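Subject: Structure handover

Hello,

I am passing the structure on to you.

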Amino acid sequence: MATLSAAPPRRRTRRPGARLRRRNTFIGWTFILPNFIGFATLTLVPVLILFYLGFTSWNAFGAAEWVGLANYERLLNDRTFHRVLFNTLYYAAFHIPLTLGAALGLALLLNRKMRGVAFFRTVAFFPYITSIVAIAVVWNMLFSAETGPINQFLGLFGFDDLPGWTVSTTWAMPAVIIVGTWREMGYFMLLFLAGLQTVPTELHEAARVDGASSWQRFLNVTLPCLRPTTFFVTVMLTIESFKILDLILVMTNGGPGISTTVLAQYVFRKGFQENDFGYASAVALVLFFICISVTVVQFLANKRRER
Amino acid sequence: MKRKIMSTAAAIAAAALVLSACGGDSDDSGTTNGNGDASGGDDAAPVTITFAGWSLATTPEFETLVEAFEAENEDITVEIVEYADGDDYDTQMITDLAGGTAPDVYPLKNLNHFFTYQDGGQLVDVSDVAAELGEEVSGVDAYVIDGATYAVPYRQDAWFIYYNMDLFEAAGVDQPDGSWTWDDYADAAEALTEGLAGTETPATGAYQHSWQSTLQGFATAQSPGADFLSGDWEYFVPYYERVLEMQDNGSLVSYSTVTTNSLSYQAQFGTQQAAMTVMGSWYIATLLAEQDSGDADDFAWGIAPAPQYDSSTTDQPVTFGDPTGLGINSAVEGDELEAAKRFVAFAAGEQAGEALAGIGITPAASTEAVTEAFFNLEGMPMDDLSQFAFSTHDVRPENTVDANNAALQNILGDAHSSIMSGSESPQDGIDEAMRRASDEVNN
């Protein structure tokens, strides 16, 4: 939208106004349109249809039958849905702070001048661009309760009751969170690294002259300067965490039992496996409203702090 | 883009449905020029029909069917439209059917989605074709809804025991004789594991793949009075208790190892890590091909009837397996409809059966000629028990044709992973599944 307002008339003519404004509007639209058409056909229209489908019963053929709030009543009483919702919140509650911390830590570590920094940055970014199926296969082997290196390592320290990881209802979710954090921290590290470049060195120097310790400088100089980046990262991370699907699908497929089934997977199950697209749309809408309300809250909080 | 808050799976679904309306169209045979020349100077007007198939490079059965059919019916041309394999096939087919761009004839991979298609009014009533089929074609009943038949099977898989004769000999254990119950199977697995422990190839007695079918398919087919749709699933408990015991005494690789190490049944049996396994008939063709290419070891093997619930059914062993059928798109009419009916009738018959057997596929038509064609494949075991197992059995469908089938199977899938991983006892796991079935599905 910035294009529209930020294009002042370059030349003053005797007939300012209508024609020029129309031309500028037209140019503005031609900039936006290619992207907007794609967005509208592939995202906007389907999402609007989704809102409608959430109030219907539809099995993909014929017309969808309007059922009003029946799907939402069903959600209220669906204990599996409650468990799935809990699992999603569980994942988000741990994955967001862990990834945020790990990404920031890595960024600070790799923002120094040291030998081979480019190499280490690449290494940290590697998980993010690796095929998720390969990641799942390798981590599943590492987590193997009987033969996996992780449990063998833990065994060295004399732990007796070793976790079953992906085949235990208690430990499967922590296992998925660990892999999710490991996979995504590289990407967010990159964003933080970019943010760190914008922290003015003068401020650090001034703080040092004032006798601030490195921890004080981090707290009072680096963090406040990073706030726009942190905000962006938190929003992205939150949305990603709530709509986690691929990693869980390939690592545990929601199991054992339904201990790692999350909302997005439940949508997939109800829609594509059970052909209950109406109910699936209702679940998708819940996911949508969770994402959007968390994001709005974050925006408001950020705005308040900015004042 | 990471920014799209709204890109949930359901949104993609709706997008696919919207867009399918402007997708490519291939079923309008009236505009297809050039095909008419192929049939030469026939009196009948040449007709072209389209036929869906998946992953043609690795699934030769569709081309085999079409070639055999065209050789007999010169006035009809069948064009194959390729689809992706797996769950994608049904998703794409549903999309194409809803958008009106689906082929004239399409395969029904399993009975679960058959219901979706039939219930959605996407299948032509082919009762007249089914009435003409002989006794030898099995699996037709699975496609009957309210007295009308909506598809015709061309392929009927069934589950057997695959066993490694060399390992049985090395362990000094008697080979299957066709009379095994599940307890005999478990005993043999234990004896094999002990017998092989000291040898150069310490294989486990048996291998059970992680699928819920490997246990639940048999339990539903064999247990007396089992009624899958009722959600009364007590009958699964003894099957689970037995298999957990087999895991505990080491005659099976544990479920957790199978899943965490992504073991494949082809590698486990093919490279002699296990002396026997229960698996579907499609594995015969795979095993032959892998022994030929060297991916599997060279050893003597055979198939035996699936273990039974008790000894009362050993004359006609009860096993399970869904038929694979062909349905006709309800949008087809006129000459194309007649041609499509001739094609599906042909696919179910003995002639197509022999052609399919020749490439290692188990056809729906089970006759002596078909069995002979099958056992003529290079590398096939020639013993009597293998032939008996292949030709004589009572196959019950794995899926029930019902709106609730998919939801119930999903609930049981959850129970399977939680019981097999040891997270819950068989009784607790099944109790929980039964509670969910009555709360969420059969309410």
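This is a predicted model: local features need pLDDT of at least 70, side-chain atom pairs count only at pLDDT 80 or more; totals for chains, interfaces and linings use all residues.

Chain A has a mean pLDDT of 88, and 94% of its residues reach 70 or more. Within chain A, helix 4 (residues 79–109) has the highest confidence, at a mean of 94. The lowest is in helix 1 (residues 2–5), where the mean is 46. Residues 1–5 of chain A stay under 50 throughout. For that stretch the model has 5 contacts beyond four places in sequence.

On the surface there is a nonpolar patch formed by Val133(A), Val137(A), Val138(A), Met141(A) and Val250(A). Together these residues have about 360 Å² of accessible area. Which element gives the most to the nonpolar patch? Helix 6 (residues 132–143) of chain A does, with 4 residues. Val133(A) lies in helix 6 of chain A. Its relative accessibility is 46%, so Val133(A) counts as partly exposed; the range for that class runs between 20% and 50%.

Next, the cysteines. A disulfide is a covalent bond between the sulfur atoms of two cysteines. How many disulfides does the structure hold over all chains? The count is 0. Cys225(A) counts as partly exposed because its relative accessibility is 24%. Cys291(A) has a relative accessibility of 3% and therefore counts as buried.

In chain B, Gln427(B) sits in helix 18 (residues 426–441). With 29% relative accessibility, Gln427(B) counts as partly exposed. Leaving aside neighbours within four places in sequence, Gln427(B) is in contact with Glu234(B) and Val237(B). How far apart in space are Gln427(B) and Glu241(B), C-alpha to C-alpha? The distance is 8.8 Å, while 186 residues separate Gln427(B) and Glu241(B) in sequence.

The other residue in chain B is Thr371(B), which is found in helix 15 (residues 368–375). Is Thr371(B) buried or exposed? Thr371(B) is buried, because its relative accessible area is 10% and the class takes in values under 20%. Beyond neighbours within four places in sequence, the contacts of Thr371(B) are with Gln387(B), Phe390(B) and Ser391(B).

Regards

Notes
Residues are numbered from 1 along each chain as its sequence is written. Chains are lettered from A and ligands numbered from 1 in the order in which they are written. Side-chain values use heavy atoms; hydrogens and water are left out. pLDDT is the predictor's confidence in each residue, from 0 to 100. Helices (H or I, at least four residues) and strands (E, at least two) are DSSP runs, numbered from the N terminus. Contact means heavy atoms within 4.5 Å. Patches are made of residues with over 30% relative accessible area and no salt bridge: like charges are joined within 9 Å, nonpolar side chains (Val, Leu, Ile, Met, Phe, Trp, Tyr) within 5 Å. Accessible areas come from the Shrake-Rupley method with a 1.4 Å probe; for residues, only the protein chains shown count as cover. A salt bridge is a side-chain nitrogen of Lys or Arg within 4 Å of a carboxyl oxygen of Asp or Glu. Buried means under 20% relative accessible area, exposed over 50%, partly exposed in between (1.4 Å probe, protein chains only). A disulfide is a pair of cysteine sulfur atoms within 2.5 Å.
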